[in-house]
Amino acid sequence: MTAALTVTGLTIEVVGRDAPLQLVRDVSFQLGAGERLGLVGESGSGKSLTALAVMRLLQAPVRISSGQITLSDGTDVAALEERELAAIRGRRAAMVYQDPLSALNPVRRVGDQIAEAIHAHEDVTAAVARRRVVELLREVGVPDPERRADQYPHEFSGGMRQRVVIAMALSAGPELLVADEPTTALDVTTQARILELLLRLAEQRGLAVILITHDLGVAARFCDRLQVMYAGRLVETGPLADLYRNPLHPYSEGLLASVCRLDADPAAPMPALAGQPPSAGQLPAGCSFRPRCAYAYERCERERPPLTEIAGGRAAACHLAPERSAGTVAPALAPTGGDR
Amino acid sequence: MNGLRGYVLRRLGAGVLLLALASLLTFALLRVVPGDPTITKLGGARNIDPAALAELRHELGLDRSVVAQYLSWVGGLLQGDLGQSYFSQYAVTTLIGQRVVPTLELAGLAFVVGLVLAVPAALVSATRPRSIAARLVNAATAALMAAPPFLVGIAFVVVLSVQAGLLPARGYVPFVEDPLENLRLVAMPALTLGLAVAAPLVVLLRASLGETLRAPFIRTATGKGLQRRRVVLGHALPNALIPSLTYLGVTVGYLLGGVVVVEYVFGWPGLGSLVVDAVLKRDYAVLQSVVLLAVAIFVFVTFVTDLLYGVLDPRLRVGEGQP
């Protein structure tokens with residue numbers, strides 16, 4: 001099976017007056033054809049930057065400093081010139097954005113905005129493009145698509161707008177869909193419908209999807225596999241069920257513990273990860289998660305744990321991962337850790 | 001479109017009210033300013049025969065009460081009669097009519113020149129801010145913002161007329177009489193005014209383009225595979241033009257109201273020079289009507305500008321409810 005996407009050693013930096021600051025460090029992963037991968041983590045963990053980098057949509061002063069982003073046909077997106085990218089964007093890989101209102105041009109009719117994406121990749125007449133636009137809108141569940149195509153974004157509700165953005169993303173028949181927090185800006189019932197729609201479309205069209213989210217509930221309903229990012233690095237990856245059942249990285253464990261459960265005791269305090277993620281310029285020595293980690297010990301301060309394959313397609317960047325996998329680790333007493 | 005009709009009617013009503021107030025204010029102000037057309041006409045303030053003065057005042061109707069004078073002016077206005085100039089044998093309507101055509105020509109060309117210069121300059125400056133072209137645009141804009149138009153005009157005259165001998169320095173020939181000479185004569189004043197219009201527009205447009213180019217929908221347009229050129233011209237520019245619309249409206253009003261100094265530099269017989277002459281001679285009849293015309297132009301242009309907002313930005317369209 002050829003991978004829909006192979007990312008190798010992706011490093012993203014922001015260029016300022018001082019030395020460049022690395023925001024995403026040495027991220028490598030693979031996405032199989034038709035696979036749905038969840039990229040989760042707190043704000044600032046680098047998950048959205050990674051997604052934008054795949055589309056080469058990072059804006060100066062943020063840029064890819066090294067790494068390869070290879071599509072199924074071997075094209076390295078990271079190495080392409082700006083004008084060569086137009087043929088890739090939309091056609092091979094397309095994106096769905098967090099806020100569908102600001103993602104659409106407010107002064108152009110939505111039908112025209114979708115048609116434009118079709119014309120960008122195919123030499124078709126306006127009438128053909130129009131017919132395709134109406135079909136796409138119908139496919140994503142916009143009622144009365146003939147009429148709605150002639151309306152402007154502000155005449156749509158949030159959920160309908162996101163359907164338009166999804167229709168636009170599908171218009172040139174991509175094999176890879178990058179969805180950056182596609183449900184975050186929507187209300188809860190709409191979130192569920194948009195997620196269902198994405199799931200149905202991904203299955204019908206055999207799309208490989210990267211879903212960026214900080215909502216583990218969303219990830220659980222949508223993804224085959226999860227990747228957890230922390231402070232610009234991948235800290236854990238694995239099949240959804242395994243990762244939920246037995247997180248190998250303490251950060252994943254903390255994230256899962258923070259999920260609000262309906263059967264929890266309402267009087268008990270909401271579980272939350274203590275502390276703040278470090279800022280990109282001030283990463284602690286050793287493991288970036290160490291200051292917040294309940295299991296940390298002396299080695300974590302000296303040595304940054306690399307992302308290491310443990311078993312069955314699982315990998316984690318934690319010194320304790322093999323033991324955690326075997327289920328033989330109890331947390332140290334103090335978050336700073338003691339001798340073991 | 002019922003809402004639109006109501007809106008237009010309301011705006012028209014407000015416009016008429018504004019004109020009425022402006023007529024009152026103009027009329028009152030002119031009567032307060034010292035001096036009088038009769039004194040000018042009799043050749044200055046010294047040695048004037050009081051009898052001759054009184055006779056002339058009676059002849060011109062200036063011995064009537066101010067209220068009566070105002071009412072007779074407004075009454076004439078409503079019938080399309082603006083009265084008689086105190087100094088020329090022509091009716092005020094004729095005088096204004098003679099000046100409107102050159103003013104329209106100069107204003108129209110200056111506006112087009114301004115747009116044609118400013119839009120590409122702002123695009124270069126905003127999309128490639130570090131390029132040499134952008135730096136040149138920024139320097140030229142700053143210089144033109146600082147230099148008054150008459151200075152730019154005189155510089156043109158010195159270089160293009162006096163030294164190079166390419167264009168005539170000043171004058172006016174109607175287009176219908178000699179199209180080529182007309183264009184040769186209008187070139188320098190139109191360019192001078194065009195530059196004066198362009199400089200602030202570049203500054204405005206550069207700022208709003210810079211902002212628009214960072215908007216998420218620009219990323220969407222790029223992300224669907226459009227070439228950079230299509231993204232900038234098809235998505236960024238239409239949105240960036242919206243905030244400049246008010247400036248463009250005011251500019252059209254300013255150009256049509258007569259641009260005194262530039263008209264003087266190039267001997268262009270537009271409304272602006274008509275006003276100056278009328279002020280110097282206290283030619284009330286001409287002055288009050290031209291000022292009122294300028295107010296009417298401003299009111300109309302502002303109204304058109306507001307309607308244009310609805311054309312450029314569907315969110316601001318009047319009378320269209322949510323679906």
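Modeller: Let's start in chain B, where helices H7(B) and H8(B) are oblique to each other (under 35 degrees is roughly parallel, over 145 roughly antiparallel, 65 to 115 roughly perpendicular, the rest oblique). Keep in mind that this is a predicted model: local features need pLDDT of at least 70, side-chain atom pairs count only at pLDDT 80 or more, and totals for chains, interfaces and linings use all residues. Residues are numbered from 1 along each chain as its sequence is written, while chains are lettered from A and ligands numbered from 1 in the order in which they are written.

Colleague: At what angle do the axes of H7(B) and H8(B) cross?

Modeller: Two packed helices are described by the angle between their axes and the distance between the axes. Here H7(B), residues 149–163, and H8(B), residues 179–213, cross at roughly 140°, and their axes come within 9 Å. Axes are lines fitted to C-alpha atoms, for helices over the stretch in contact, and angles run from 0 to 180 degrees between N-to-C directions.

Colleague: Which residues of H7(B) and H8(B) meet?

Modeller: On the H7(B) side, Val152(B), Phe156(B) and Leu160(B) are among them, and on the H8(B) side the list includes Met188(B), Leu191(B) and Leu195(B). Contact here is C-beta atoms, placed from the backbone, within 7 Å. By class, the residues of this contact split into 11 nonpolar, 2 polar and no charged (Ala, Val, Leu, Ile, Met, Phe, Trp, Tyr, Cys and Pro are nonpolar, Asp, Glu, Lys and Arg charged, the others, Gly among them, polar).

Colleague: How many helices and strands does chain B have?

Modeller: Chain B has 14 helices and 0 strands; helices (H or I, at least four residues) and strands (E, at least two) are DSSP runs, numbered from the N terminus. The C-alpha trace of chain B spans about 85 × 60 × 35 Å along its principal axes. Of its contacts with a separation of 6 or more, 70% link residues 24 or more positions apart.

Colleague: How many residues of chain B are in contact with chain A?

Modeller: 22 residues of chain B, which contact 28 residues of chain A. Helices H9 (216–223) and H10 (228–241) of chain B each supply at least two residues of that side. H9(B) gives the most, with 7 residues. That side of chain B has 9 nonpolar, 8 polar and 5 charged residues.

Colleague: Over to chain A. What is the strand order in its sheet of 8 strands?

Modeller: The order is E5-E6-E7-E3-E8-E9-E11-E10, an open sheet with mixed pairing; strands pair if DSSP finds at least two bridges between them. E5 (93–96) and E10 (308–311) of chain A are the edge strands, each pairing on one side only. Neighbouring strands are turned by 20° against each other on average, direction ignored. E6(A), residues 176–180, runs parallel to E7(A), residues 208–213, over 5 bridges, with Leu177(A) partnered by Val209(A). Helix H7(A), residues 158–170, lies across E5 and E6 of chain A at about 175° to E5(A).

Colleague: Is E8(A) enclosed or open, and why?

Modeller: In a regular strand the side chains alternate between the two faces of the sheet. All 6 of the 6 residues of E8(A), 225–230, are buried, so the strand is largely enclosed by the rest of the structure (buried means 20 or more other C-beta atoms, placed from the backbone, within 10 Å of its own; exposed, 12 or fewer; partly exposed, in between). Arg225(A), Gln227(A) and Met229(A) cover one side, with Leu226(A), Val228(A) and Tyr230(A) on the other.

Colleague: Which strands does E8(A) pair with?

Modeller: E3(A), residues 36–40, joins E8(A) in parallel through 4 bridges, and Leu39(A) has Gln227(A) as its bridge partner. E9(A), residues 233–239, pairs with E8(A) in the antiparallel sense over 6 bridges, Arg225(A) standing opposite Pro239(A). E8(A) and E9(A) form a hairpin with 2 residues between them, and Ala231(A) in the turn has a positive phi of about 50°.

Colleague: What about the sheet of 3 strands: what is its order?

Modeller: E2-E1-E4 of chain A, open and antiparallel. Its twist averages 5° from one strand to the next. E1(A), residues 3–14, is joined to E4(A) by 8 bridges, and Thr11(A) has Ser66(A) as its partner. Helix H1(A), residues 47–54, packs on this sheet, touching E1, E2 and E4 of chain A, and its direction makes about 120° with that of E1(A).

Key: Contact = placed C-beta atoms within 7 Å.
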